[in-house]
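Subject: Structure for you to look over

Dear colleague,

I am passing on the structure we spoke about, together with my notes on it. Please open it beside this message, so that you can follow the notes residue by residue.

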Amino acid sequence: MYYTLYSKKVMKNRRKAVHISTYVSTIFLIVSTHYFAKQIFNQSFLWLIILVLLVLAMIVMLINWQVKKDLQLKRMTKGMFRISFFFFLFSHVLLVVSGLIFELLKL
């Protein structure tokens, strides 16, 4: 949120600021999802995260190829970040809720 406000002041364009803050937040969500899963399950799922990112990249590539009949790297990167943001935001929330439930059940 702070990054969005900062980007908005620097760029003077709200739409670009939201997109850039989404891209930066995606990286933090991926890392935090890894550490949350590691903390909850006492096992690293980095291989699964990389696999999910590769599958999402293939899906974005196929959709881009079917729509445009050409592979545009800039469009694919944007689509990859946007889909990854929603996927890892959902998984992050799911891990937080499941972590709370597991901790409550331990008591």
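The model is a predicted one, and every value below was computed from its atoms. The chain holds 4 helices and 0 strands, and from the N terminus on its elements run α-α-α-α. Of its 107 residues, 24% count as buried, while the chain exposes about 8,400 Å², of which carbon and sulfur atoms supply 72%. Among the contacts with a separation of 6 or more, 54% are accounted for by residues 24 or more positions apart.

Helix α2, which covers residues 14-41, packs against helix α4, residues 73-106, at an angle of about 35°, and their axes lie 8 Å apart; the crossing of α2 and α4 is left-handed. The residues of this contact divide into 15 nonpolar, 11 polar and 2 charged. The second pair is formed by α2 and helix α3, residues 46-68, whose axes come within 9 Å and cross at roughly 145°, and here the crossing is right-handed. On the α2 side this contact is made by Ile 30, Thr 33 and His 34, and on the α3 side by Leu 46, Ile 49 and Leu 53. By class, the residues of the contact of α2 with α3 divide into 4 nonpolar, 2 polar and no charged.

The largest nonpolar core has 5 residues, namely Leu 29, Ile 30, Ile 49, Phe 85 and Phe 88, and the elements that give two or more residues to this core are α2 and α4. Phe 85, another member of the core, touches Thr 22, Ser 25, Thr 26 and Leu 29 when residues up to four places away in sequence are not counted.

Thr 33, in helix α2, counts as buried because its relative accessibility is 5%, under the 20% cut-off. Leaving aside neighbours within four places in sequence, Thr 33 is in contact with Ile 49, Phe 88, Ser 91, His 92 and Leu 95, and two residues in that list, Ile 49 and Phe 88, belong to the nonpolar core. Ser 91, which lies in helix α4, is likewise buried, with a relative accessibility of 15%; the C-alpha atoms of Ser 91 and Thr 33 are separated by 7.0 Å, although the two residues are 58 residues apart along the chain.

Ser 84 also lies in helix α4 and, at 2% relative accessibility, counts as buried. With its neighbours within four places in sequence left aside, Ser 84 is in contact with Thr 26, Leu 53, Leu 56 and Leu 89.

Not counting residues up to four places away in sequence, Phe 41 touches Leu 95 and Phe 102, and its C-alpha atom is separated by 9.1 Å from that of Gly 99, 58 residues apart along the chain. Asn 42 is found in the loop between α2 and α3 and is exposed, with a relative accessible area of 68%. Its phi is near 55°, a positive value in a residue other than glycine. Most residues other than glycine have a negative phi, and for that reason I would ask you to look at the backbone of Asn 42, with its positive phi, yourself.

With best regards

Methods: Residues numbered from 1 in each chain as written. Predicted model: local features only at pLDDT ≥ 70, side-chain atom pairs only at ≥ 80, totals over all residues. Heavy atoms only, no water. Axes fitted to C-alpha atoms, helices over the stretch in contact; angles between N-to-C directions. Left-handed = near helix turned anticlockwise from the far one by under 90°. Nonpolar A, V, L, I, M, F, W, Y, C, P; charged D, E, K, R; others polar. Buried < 20%, exposed > 50% of the residue type's maximum accessible area, 1.4 Å probe, protein only. Contact = heavy atoms within 4.5 Å. Areas by Shrake-Rupley, 256 points an atom, 1.4 Å probe, with all protein chains shown as cover. Core = buried A, V, L, I, M, F, W, Y, C linked by side-chain atoms within 4.5 Å.
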